[in-house]
Amino acid sequence: MRISAVRAYPLRLTGREAYLGALPDGAHPAGDDYFTRPPWRSLYSRHFETVLVRVDTDEGATGWGEALAPVGPQIVAAAIDRLLAPALLGRDPTRVRPLWTMMSGLMRERGHLVGHQADALAAVDIALWDLTGQLTGRPVHALLGGAYREHVPSYVSGLPRPTDEQRAELAREWVDQGVRHVKLALGYGVAADLATFDAVAAVHPDLRVAIDAHWAYDLADAQRLGRGLDERGGWFLEAPLAPEDVTAHAELAADLVTPVAVGEALRNRYEFGDWLARRAVDLCQPDVARTGITEAMNIVGLAAAHHIPTAPHHSVGLGVALAAGIHVAAAVESLPAFEYQPGTVPMANRILTEPITGGPTGFAVPTGPGLGITVDTAAVEAATQQAAAVEAATRAATEELR
């Protein structure tokens with residue numbers, strides 16, 4: 001059996017509101033529906049954007065993968081179509097790890113393990129694990145050596161409301177559904193962040209609250225915020241400093257009781273290895289749609305060797321990325337929780353014939369072969385055509401302005 005076709009599908013789906021909530025005052029449009037959320041620096045999209053990839057064999061089997069590509073999914077799709085797909089044709093799809101090694105070397109010395117190239121590799125890698133599971137009749141977590149749990153616990157991420165009163169009210173709604181772990185999307189200043197923490201933590205005595213600071217602080221302010229969380233029994237502090245500053249993260253981690261969580265921006269075991277060796281991270285958060293399953297498990301093993309738990313990150317990935325994250329989370333021995341995005345999950349299920357079950361308190365681990373999901377090919381094809389039409393219209397409008 002050999003790989004006969006590899007195809008990428010860049011998608012742009014529209015939800016009730018943008019990821020992390022309505023556009024705030026001060027958001028700056030950057031063209032093509034992209035904007036920033038001050039004080040955060042990264043681009044966000046008004047839509048849910050991603051890249052799916054389908055790998056077919058000459059005997060009719062199919063596997064699906066997905067890259068976390070919240071902006072510019074066409075870039076990742078081009079890397080798959082032009083660089084990875086030709087190298088995969090005619091190969092044995094069940095040799096997943098050797099294929100990862102081959103693909104990761106194709107752009108050596110050219111950012112081969114990071115950025116868009118890594119995202120493209122992640123999508124194809126997930127598809128190969130799904131395909132191998134389909135061929136062997138085994139779920140991915142079984143291929144990884146077995147699941148530690150049948151139910152993956154989760155935490156509610158974001159609470160995307162503009163005021164502390166509204167965030168607390170949303171937290172009450174989640175608590176009423178059994179939620180006891182939440183993460184706040186903050187980074188608006190030390191005093192403001194701690195005030196938000198206090199308002200949400202007051203909702204229930206057993207509610208564990210974490211803060212995602214979105215890389216907003218310098219070391220001094222991150223220390224002030226972290227010490228405030230120490231006093232309050234904070235769950236963890238995610239992404240407090242500039243993502244490239246490993247040294248400052250190590251100083252911060254040594255200074256705090258509250259665990260420092262990092263991983264969304266990292267793509268491979270070598271990056272994580274540096275952070276772990278320097279004791280700059282207390283909770284690893286690889287995103288499977290940015291690392292792929294092969295590299296995610298390498299990262300999990302490396303973290304375990306340093307006695308550091310892993311809590312996989314998940315943001316705007318759709319059904320394939322969500323399923324892949326659940327399988328990896330099931331195969332992690334030291335797992336605090338998996339990230340649950342309330343606004344993303346309904347979008348994630350739009351590309352599946354049957355929805356992934358679970359949600360704010362956890363997900364049942366799929367038991368079917370591969371990822372245990374069925375992608376709605378017709379829905380994906382339609383969404384791809386729609387995204388292509390929007391892209392063409394945007395380019396035409398840009399040309400007219402020139």
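Between which two elements does the loop that holds G233 run? G233 is found in the loop that joins α7 (219-232) to β10 (237-238), where helices (H or I, at least four residues) and strands (E, at least two) are DSSP runs numbered from the N terminus. The structure is a predicted model, in which local features need pLDDT of at least 70 and side-chain atom pairs count only at pLDDT 80 or more, while totals for chains, interfaces and linings use all residues. Residues are numbered from 1 along each chain as its sequence is written, and side-chain values use heavy atoms, with hydrogens and water left out.

With a relative accessible area of 43%, G233 is partly exposed; here buried means under 20% relative accessible area, exposed over 50%, and partly exposed in between (1.4 Å probe, protein chains only). From C-alpha to C-alpha, 38 Å of space and 219 residues of sequence lie between G233 and T14.

On the α7 side, L219, A222, Q223, R227 and D230 meet A248, E251, L252 and D255 of α8, with contact meaning heavy atoms within 4.5 Å. Sorted by class, this contact has 4 nonpolar, 1 polar and 4 charged residues; Ala, Val, Leu, Ile, Met, Phe, Trp, Tyr, Cys and Pro count as nonpolar, Asp, Glu, Lys and Arg as charged, and the others, Gly among them, as polar.

The contact of α2 with α3 divides into 8 nonpolar, 3 polar and 1 charged residues.

Attention now turns to α9 (residues 269-277), in which F272, G273, W275 and L276 are buried. These residues lie on the same side of α9 because they cover an arc of only 165° around the axis, the arc being that of the directions from the helix axis to the C-beta atoms. The face of α9 turned away from the buried side carries the exposed residues Y270 and A277.

The loops on either side of α9 can be described in turn. Between β11 and α9, the loop includes E264, which is partly exposed at a relative accessible area of 22%. E264 touches E238, Q285, R290 and H313, not counting residues up to four places away in sequence. Although 27 residues separate E264 from T291 in sequence, their C-alpha atoms are 9.6 Å apart. Between α9 and β12, the loop includes R279, which is partly exposed with a relative accessible area of 46%.

Backbone geometry deserves a word as well. Most residues other than glycine have a negative phi, and most peptide bonds are trans. Phi of R279 is near 55°, a positive value in a residue other than glycine. Phi of H214 is likewise positive, near 55°, and H214 is found in the loop between β9 (208-212) and α7, where H214 counts as buried at 13% relative accessibility. The peptide bond from P38 to P39 is cis, with omega near 10°, and P39 lies in the loop between β3 (34-36) and β4 (43-45).

Finally, L23 lies in the loop between β1 (3-13) and β2 (28-29) and is partly exposed, with a relative accessible area of 33%. Leaving aside residues up to four places away in sequence, L23 touches A18, F35, R37 and R46. The C-alpha atoms of L23 and F35 are 8.6 Å apart, with the two residues 12 apart in sequence.
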